[in-house]
Amino acid sequence: MSDTYLTISNRTKGLYKEKGSKFISHAFPVKSDVEVKDIISQLRKDQYDARHHCYAYTLGFKGEIWRANDDGEPSGTAGKPIYGQIVARSLTNTLVVVTRYFGGTKLGTSGLINAYRTAATDALDKCAIIERTINNVYNISFSYLVMNDIMKLAKEMNLNILNQHFDNGCWIEIGVRERDTDFFLKRVGKIESVVTNHLRTE
């Protein structure tokens with residue numbers, strides 16, 4: 001199984017115009033529902049005079065958490081076309097919001113679908129798409145006497161040390177790639193005095 005996923009690394013902005021209406025799109029890298037809500041809330045404040053703020057997002061390493069919102073547009077004409085563009089690029093941890101300023105002329109169902117899809121595409125096409133690894137973060141506690149063994153293992157496996165404390169009692173917070181986790185746990189388990197606690201997966 002793959003232990004990588006695709007996401008975007010930067011915020012971007014896109015635009016589509018049709019019959020006087022403006023569709024302003026923003027793409028954001030996100031990691032949680034809370035972050036999504038905060039971004040949408042801020043956009044509503046910044047663009048308070050717009051009629052609709054439609055959006056879609058995916059979260060989770062496989063994009064298993066997702067939502068599409070039409071924000072008052074006819075059902076299926078906004079959120080799903082936006083979501084479709086995220087899925088088409090196999091992206092996760094990605095939010096796209098399309099804000100519409102109504103121009104006075106109705107676009108119809110097909111016109112709306114095309115407008116929201118095109119606006120989302122414009123923002124996403126400007127993003128830098130990156131591949132990230134799935135990592136397990138552990139807290140490793142150990143005695144000072146085996147510090148060299150721990151640090152040697154971390155260096156051999158090219159592990160990312162996120163935090164550390166060395167005293168009479170020592171600990172490090174370390175990130176281990178998903179595919180290397182079993183091997184790491186077997187190796188570290190052979191070192192005397194070590195206590196390993198899984199903190200999170202990111």
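Modeller: Ile140, Ile150, Leu153, Ala154, Ile172, Ile174, Phe184 and Val188 line the largest cavity. The model is predicted, so local features need pLDDT of at least 70 and side-chain atom pairs count only at pLDDT 80 or more, while totals for chains, interfaces and linings use all residues. Residues are numbered from 1 along each chain as its sequence is written, and side-chain values use heavy atoms, with hydrogens and water left out.

A cavity here is a set of points, on a 1 Å grid over the protein atoms alone, where a 1.4 Å probe fits but cannot get out; a lining residue has an atom within 4 Å of a point. Grid points are joined across faces, edges and corners, and the volume is the space filled by probe spheres set on the points. The count comes to one cavity of 30 Å³ or more. The largest cavity holds about 30 Å³ of space. By class, its lining has eight nonpolar, no polar and no charged residues. The classes are these: Ala, Val, Leu, Ile, Met, Phe, Trp, Tyr, Cys and Pro are nonpolar, Asp, Glu, Lys and Arg are charged, and the others, Gly among them, are polar.

Which elements supply at least two residues each to that lining? They are H4, S10 and H5. H4 gives the largest share, three residues. Elements are DSSP runs numbered from the N terminus: helices are H or I with at least four residues, strands are E with at least two.

Now take H5, residues 181-189. Thr181, Phe184 and Val188 are buried there. Seen down the axis of H5, the buried residues fall within an arc of 60°, so they line one face of the helix. Buried means under 20% relative accessible area, exposed over 50%, and partly exposed in between, with a 1.4 Å probe and protein chains only. The arc is taken over the directions from the helix axis to the C-beta atoms. An α-helix has 3.6 residues a turn, so residues three or four places apart point the same way. Phe184 and Val188 of this buried set also belong to the cavity lining. On the face of H5 turned away from its buried side sit the exposed residues Asp182, Lys186 and Gly189.

The cover over the buried residues of H5 includes strand S8 (135-143), helix H4 (147-156), strand S10 (169-177) and strand S11 (195-201). Contact means heavy atoms within 4.5 Å.

A pocket is an open set of grid points with protein on both sides within 12 Å along at least five of seven lines. S10 has the largest share, three residues. By class, the pocket lining has six nonpolar, seven polar and five charged residues.

Asn160 is partly exposed, at 45% relative accessible area. Residues up to four places away in sequence aside, Asn160 touches Glu173, Ile174 and Gly175. Ile174 is also one of the residues lining the largest cavity. Asn160 and Ile130 are 30 residues apart in sequence, and their C-alpha atoms are 19 Å apart in space.

What about the cysteines? A disulfide is a pair of cysteine sulfur atoms within 2.5 Å. Zero disulfides turn up in a search of the whole structure. Cys127 is in no disulfide, and the nearest cysteine sulfur, that of Cys54, is 18 Å away. Cys127 is buried, with a relative accessible area of 11%. Cys170 is buried too, at 3%.

One more helix for reference: H2, residues 79-88. Gly79, Pro81, Ile82, Tyr83, Gln85 and Ile86 are buried in it. Strand S4 (52-59), strand S5 (65-69), strand S6 (94-101) and helix H3 (108-125) are among what covers them. Check the backbone on either side. Asp71, in the loop between S5 and H2, has a positive phi of about 45° although it is not a glycine. Ser90, in the loop between H2 and S6, has a positive phi of about 60°. Most residues other than glycine have a negative phi. Asp71 is partly exposed at 23% relative accessibility, whereas Ser90 is exposed at 51%.
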